[in-house]
Amino acid sequence: MSDFVQQLNFHARDASNESAALQAALALGFLEHLPEAGSREPVPLEALARHVGGNLRGTRAVIEPLVALGFVLLEEGRGYSLPGTTAAFLRDTAFASRLHEARRWWHVAAKLPEAVRTGAAVEWRGASWALLGRYRELFLGPPVQAPSAEASDFHDRLARNFLRTQALVTAAELGLLERMVSGAAPLGELARGAGASPEGLGVLLGVLGSMGLTRPVGDDAWGFTEAAARALDAQSLPYFQRALPATMAYWEAFGHLDEAVRERRFRLDLRDPETARRIYQENASRISSIFASHLRLSRKAADLVRSMRSLAGARVLDVGTGSGVWGSAFGLADPSTHVTFLDSPHVLDAVRPHLAKLKLEPRSRLWAGDCLGVDYGEATYDVILLPQIIPALPPAELPGFFSLLARALKPGGVLLISGYLLTDRRDGPLDALYFALRRYVSNEGDVLSLPEFRALLEPVGLTAARAFDMPIQQVVVAHRGDVPWPAATAA
Ligand SMILES: C[S@@+](CC[C@H](N)C(=O)[O-])C[C@H]1O[C@@H](n2cnc3c(N)ncnc32)[C@H](O)[C@@H]1O
């Protein structure tokens with residue numbers, strides 16, 4: 001993936017999660033409470049959570065990205081402190097007040113489409129907000145004064161990143177990106193096509209320009225940069241744009257992240273059945289649209305398992321199947337496997353067309369149920385798949401869940417978990433930490449490290465567990481020590 005595409009994808013989602021984490025750390029007073037490294041003892045997580053009146057998991061979910069970014073130090077087994085550079089810029093009161101000011105714009109920023117349409121200020125909570133002026137100031141004016149390079153980077157991530165995400169959301173919503181795929185056009189024509197004011201659109205195009213997406217052409221026209229034209233064509237654009245409504249589904253919740261950490265009140269609560277139904281259904285249809293590319297990944301995982309043990313006649317269970325892409329790969333891996341796809345009933349509707357297309361229906365079973373409450377039986381399955389389901393489940397339920405699954409695994413059986421895997425210190429990778437933060441803010445589960453998985457697997461007899469790198473995701477493969485590992489080395 002080119003640097004430009006990576007950056008674009010980052011701006012479409014994680015950039016705003018990053019702003020939210022930094023803003024919440026500020027709102028919760030984390031940073032003020034941490035000592036400069038070497039001046040006092042580091043503060044353990046429990047003490048930090050207590051001090052800010054937050055719960056442990058929320059406190060950890062917010063501070064972990066700051067550690068990964070280097071703005072906070074984590075001393076293993078001791079706690080958190082601030083590097084001298086962070087401590088120094090936080091002491092600069094004028095700079096600190098600019099950071100606090102940026103937090104006020106989170107909810108207002110979601111009104112950017114309206115501001116670009118009208119070219120005027122927007123109303124929020126009974127006041128008028130010059131949102132376009134704010135964009136002009138932060139993106140099109142002289143550089144913001146910051147006491148150091150680290151301070152400037154911190155400000156960029158906290159104050160600008162979420163505005164970049166909104167610029168992309170707005171460009172997609174106004175159909176601007178679609179229009180630009182077919183080439184440069186005069187500003188007036190773009191504005192008419194997008195139903196936008198020329199002033200508002202001029203600001204948006206300038207901001208997108210600062211992100212390397214657009215450039216002025218001649219006196220009055222705008223078009224994609226070369227990198228953007230290479231990355232976004234009629235085929236890839238819909239795929240890219242599909243991520244943006246999902247980003248917006250979390251916007252309101254991220255604006256109240258500090259409240260979630262303090263009060264465990266979640267504005268987007270996936271423990272609420274109706275909300276879960278809506279979000280998971282949208283998710284399944286989105287993954288369905290990229291079924292083919294995910295099937296390449298899941299087939300590699302099936303190859304990995306087949307290199308460890310035969311799949312002939314294997315009974316496979318895919319838990320939290322979503323689009324069905326993981327179970328399908330195991331259905332295709334051997335003509336005699338039988339696959340059970342488990343998810344809630346409305347999600348299973350997304351699986352059926354794929355099974356029909358792949359001619360897997362005769363060897364498949366659709367099982368509607370709650371994976372934490374169904375009876376898996378004893379020694380029922382040769383392979384159990386947990387693709388991206390662990391982060392959807394309450395962490396407290398995991399020991400019992402793994403115990404049920406271990407019981408359901410036949411001798412010589414293999415459990416395969418796929419998705420993000422954190423480093424052993426839980427200090428990266430950053431995109432996995434932002435994924436984990438989204439899980440926290442929507443009251444879902446957590447992303448784990450390999451040692452954390454081992455701590456869940458060993459007590460239920462799955463004493464052998466290794467991680468393997470796959471394209472996009474990682475997999476953890478576990479068994480009772482009765483299956484040989486493949487010759488290929490583990491991650
Ligand atoms: C992030 S999606 C992963 C989908 C798919 N496995 C994949 O990797 O593409 C999580 C899936 O788990 C399902 N899920 C969440 N909680 C569940 C539960 N308690 N019981 C059954 N399915 C659940 C959701 O409906 C959703 O389809």
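Arg91 and Glu36 form a salt bridge with their closest N and O atoms 3.3 Å apart; the term means a side-chain nitrogen of Lys or Arg within 4 Å of a carboxyl oxygen of Asp or Glu. Arg91 lies in helix α6 and Glu36 in the loop between α3 (30-33) and α4 (45-52), so the pair ties together parts 55 residues apart in sequence. The model is predicted: local features need pLDDT of at least 70 and side-chain atom pairs pLDDT 80 or more, while totals for chains, interfaces and linings use all residues. Residues are numbered from 1 along each chain as its sequence is written, and side-chain values use heavy atoms, without hydrogens and water.

**Domains and their interface**

- An automatic or database domain assignment divides the chain into domain 1 (3-263) and domain 2 (290-479).
- The contact (heavy atoms within 4.5 Å) takes 26 residues from domain 1 and 20 residues from domain 2.
- About 2,100 Å² is buried between the domains, 60% of it from carbon and sulfur atoms; this is the accessible area (1.4 Å probe) that two parts lose on being put together, summed over both.
- In domain 1, Arg57, Glu64 and Tyr250 lose the most area to domain 2, together 29% of what that side buries.
- Six salt bridges are counted between domain 1 and domain 2.
- Asp446 pairs with Arg60 in a salt bridge, with the closest N and O atoms 2.5 Å apart.
- A network of salt bridges links Arg57, Arg60, Glu64, Arg426, Asp446 and Glu452.

**Helix α6 and the Arg91 pair**

- Helices here are DSSP runs (H or I, at least four residues) and strands likewise (E, at least two), numbered from the N terminus.
- In α6 (residues 84-91), Thr86, Ala87 and Phe89 are buried, where buried means under 20% relative accessible area, exposed over 50% and partly exposed in between (1.4 Å probe, protein chains only).
- These buried residues pack against α7 (93-103) and α11 (149-173).
- Arg91 is exposed at 56% relative accessibility, whereas Glu36 is partly exposed at 29%.

**Other salt bridges**

- The salt-bridge count comes to 31.
- Arg160 and Asp156 meet in a salt bridge at 2.7 Å, N to O; the two are four residues apart in helix α11, about one helical turn.
- Both are buried, Arg160 at 14% and Asp156 at 17%.
- Asp382 and Arg309 form a salt bridge at 3.6 Å, N to O.
- Asp382 is in strand β11 (residues 381-387) and Arg309 in the loop between α20 (291-306) and β8 (315-319), 73 residues apart.
- Asp382 is buried at 8% relative accessible area, and Arg309 is buried at 17%.
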